Amino acid sequence: MTTSFKEHWENVYANKTPSEVSWTQEVPKTSLELILNNSTDKSLNIIDVGGGDSLLVDFLLAEGYTNITVLDISSLAIIRAQKRLGDLSNNVTWIVCDINDFKPKHKYDIWHDRAAFHFLTEENQIENYVSLVNEFVEKQLILSTFSTNGPLKCSGLNITQYSSEKMDELFKENFQMKECIFEDHITPFNTVQNFIFCNFEKRNNP
Ligand SMILES: C[S@@+](CC[C@H](N)C(=O)[O-])C[C@H]1O[C@@H](n2cnc3c(N)ncnc32)[C@H](O)[C@@H]1O
């Protein structure tokens with residue numbers, strides 16, 4: 001029997017510590033800067049898609065943001081983040097859901113995704129993600145994936161690499177690309193992974 005994606009991720013969070021997975025960041029600096037530099041209103045509704053047990057939510061709470069949602073396919077990832085935050089976790093909305101099945105109940109001002117979108121490798125999944133973003137993102141879209149100079153796999157799974165042109169092509173109908181940052185991420189085991197961070201602003205539709 002093949003392992004489902006959900007099982008894969010539950011296994012990762014059951015068996016590996018943050019220092020044993022490649023994507024861990026002590027400070028999610030670029031994500032934070034892209035949010036802080038563009039969105040000073042602390043009541044904006046922010047979702048971190050595939051947030052896992054990233055510290056982004058901790059830093060956003062510390063900055064005073066009051067309306068944060070973290071979504072992940074793995075319940076163990078979410079439980080880990082909740083335990084780490086303790087009582088502060090009550091100030092966050094947590095959603096355990098496969099992004100392919102996500103049916104948002106409302107819109108989000110800011111949609112952030114670092115290294116979850118790139119796991120979508122089938123055209124219909126990518127189209128579905130683009131439709132979700134088109135319908136449910138009001139202001140800012142921050143997408144970070146492995147770049148075309150990055151690895152072809154993440155956590156042992158195939159991924160889709162992105163260039164700025166490929167990102168723009170997917171989202172340009174509804175989003176204006178403001179900047180694309182390429183970043184070498186140094187993994188906890190001292191290897192290098194090249195990421196792209198694309199920052200988009202929602203176009204004002206007539
Ligand atoms: C490489 S990790 C990145 C975690 C976090 N964003 C970060 O930057 O530290 C990918 C995360 O996406 C989640 N994920 C993978 N596929 C997903 C899906 N289809 N729906 C929701 N989350 C997913 C995984 O459970 C994992 O937490």
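Predicted model: local features only at pLDDT ≥ 70, side-chain atom pairs only at ≥ 80, totals over all residues.
Helix 5 buries Q125, I126, Y129, V130, L132, V133 and F136. Viewed down the helix axis, these buried residues fall within an arc of 155°, and they therefore line one face of helix 5. E123 and N124, on the other side of the helix, are exposed. The packing partners of the buried residues are strand 1 (46-49), strand 4 (108-114), strand 5 (137-146), helix 6 (164-171) and strand 8 (175-186).

The structure contains 12 aromatic pairs. One of them joins F171 and F200 in a tilted arrangement, with 5.5 Å from centre to centre and 55° between the planes. Because F171 belongs to helix 6 and F200 to strand 9 (residues 192-202), this pair ties together parts 29 residues apart in sequence. F171 has a relative accessibility of 1% and so counts as buried; F200 is likewise buried, with a relative accessible area of 1%. Ring pairs link F171 and F200 into a cluster with F102, Y108, W111, F117, Y129, Y162 and F175. Y129 of this cluster is among the buried residues of helix 5.

Charged groups also sit over aromatic rings. The charged end of K42 is placed over the ring of Y65, at 5.3 Å from the ring centre. For R114, the charged end sits over the ring of F195, 4.5 Å from its centre.

Conventions
Residues numbered from 1 in each chain as written. Heavy atoms only, no water. Buried < 20%, exposed > 50% of the residue type's maximum accessible area, 1.4 Å probe, protein only. Helix = DSSP H or I, 4+ residues; strand = E, 2+ residues; numbered from the N terminus. Arc of directions from axis to C-beta. Contact = heavy atoms within 4.5 Å. Phe/Tyr/Trp six-rings, centres within 6.5 Å; stacked < 30°, edge-to-face > 60°. Lys NZ or Arg CZ within 6 Å of the ring centre and 35° of its normal.
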